[in-house]
Amino acid sequence: MSFFLPRGSARAGAFELEITPESAGWAYSGLRVLALEPGGAHAFDTGADELIVLPLEGGCVVRVDGEEFGLEGRDGVFAQVTDFAYAPRDARVEIASDGGGRFALPAARAERRLAPRRVPAEDVPVELRGAGRASRQVINFCSPGAFPADRLIAVEVLTPGGNWSSYPPHKHDEEIPGEEVPLEEIYYFEVAGEHGLGYQRVYGSGPGREIDVLAEVHGGDALVMPHGYHGPSMAAPGYDLYYLNVMAGPSERVWRFRDDPAHAWIRSTWENEEMDPRLPLTRAGRQA
């Protein structure tokens, strides 16, 4: 499959987007985006995957093997931090929404079967990273230190218009003890504004790990990254950029990466710069 997936190019049934390990040509990471009309519902089996029901827009009720979780959701990814629900492998899931909405389902092939559960928005950690024009907000809803899962790692990143994130460019495509673990990664994008746009760069990290992407991204676009340095993610001035990162791999569940040596020095400049005062763009709870 292509590395860059424009909106609609990976549509499947009720899903606006469907990326499976099989369609991506790898072994662990997956993502679907489910769109429901008001009063709509969709049921499916998780099979070998653990997954999270993450509202992008709207709220819903999630039933996992008959256990029910109400998700308040949000008006959109630029409105606030959302609550979410976790479903383990080998489970029956139903998602129903009175008001309709769109729901991301980041997933990973799992070995252990953990308990289903809901996490309220106020318990989701929000972190500010970088400084100056590299300032961004990271919502660590399923990072290794914030939420227990078998293999799945997933975070949301909000980048104010004119800023760069996923920077310096970094990679996680090799097993190097204490330095790096291999993780297959998906980026899913939303952009603020009717005509909003951003850009994403991905490039090779060595022999056998060739990739060359410089894509203009819009809401609903996605990128699959089996290897290579990824970054920067560039938010065009005037248009805030959102992306959902989904990661999983064969090693321990940890996000351990290495910067491109040519650009790693950039991090040392942040100590002399201020955080962008526009951040955080979102918080838990309804915004006034």
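Predicted model: local features only at pLDDT ≥ 70, side-chain atom pairs only at ≥ 80, totals over all residues.
The largest pocket has a volume of about 200 Å³. Its lining comprises 18 residues, of which Arg129, Arg136, Ser166, His170 and Trp255 are the closest to the centre. At least two residues each come from β12 (136–142), β13 (153–159), β16 (184–191) and β21 (241–248). The largest share, 3 residues, is supplied by β21. By residue class, the lining holds 9 nonpolar, 5 polar and 4 charged residues.

Aromatic contacts were then examined. The whole structure contains 9 aromatic pairs. In one of them, the ring centres of Phe84 and Phe147 lie 5.3 Å apart. Their planes meet at 70°, over the 60 degrees required, so the pair is edge-to-face. Phe84 belongs to strand β7 (residues 84–87), whereas Phe147 lies in the loop between β12 and β13. The pair therefore ties together parts that are 63 residues apart in sequence. Phe84 and Phe147 are both buried.

A second pair is formed by Tyr203 and Tyr229, with ring centres 5.4 Å apart. The planes of Tyr203 and Tyr229 stand at 35°, so this pair is tilted. Tyr203 lies in strand β17 (residues 198–203) and Tyr229 in strand β20 (residues 229–235), so the contact links parts 26 residues apart in sequence. Tyr203 and Tyr229 are buried.

Phe84 and Phe147 also belong to an aromatic cluster, together with Tyr86 and Phe141.

Backbone geometry was considered next. A cis peptide bond joins Gly231 and Pro232, with omega about 0°. Pro232 lies in strand β20, the strand that also holds Tyr229. Another cis peptide bond, between Leu279 and Pro280, likewise has omega of about 0°. Pro280 is located in the segment after β22 (258–259).

Positive phi values occur at two aspartates. Phi of Asp65 is near 50°, and this residue is found in the loop between β5 (49–64) and β6 (67–74). Asp65 has a relative accessible area of 46%, so it is partly exposed. Phi of Asp90 is near 60°. Asp90 lies in the loop between β7 and β8 (92–97). With a relative accessible area of 46%, Asp90 is partly exposed.

Terms used: Residues numbered from 1 in each chain as written. Heavy atoms only, no water. 1 Å grid on protein atoms, 1.4 Å probe; cavity = no way out; pocket = protein on both sides within 12 Å on 5 of 7 lines; lining within 4 Å. Points joined across faces, edges and corners; volume = space filled by probe spheres on them. Helix = DSSP H or I, 4+ residues; strand = E, 2+ residues; numbered from the N terminus. Nonpolar A, V, L, I, M, F, W, Y, C, P; charged D, E, K, R; others polar. Phe/Tyr/Trp six-rings, centres within 6.5 Å; stacked < 30°, edge-to-face > 60°. Buried < 20%, exposed > 50% of the residue type's maximum accessible area, 1.4 Å probe, protein only.
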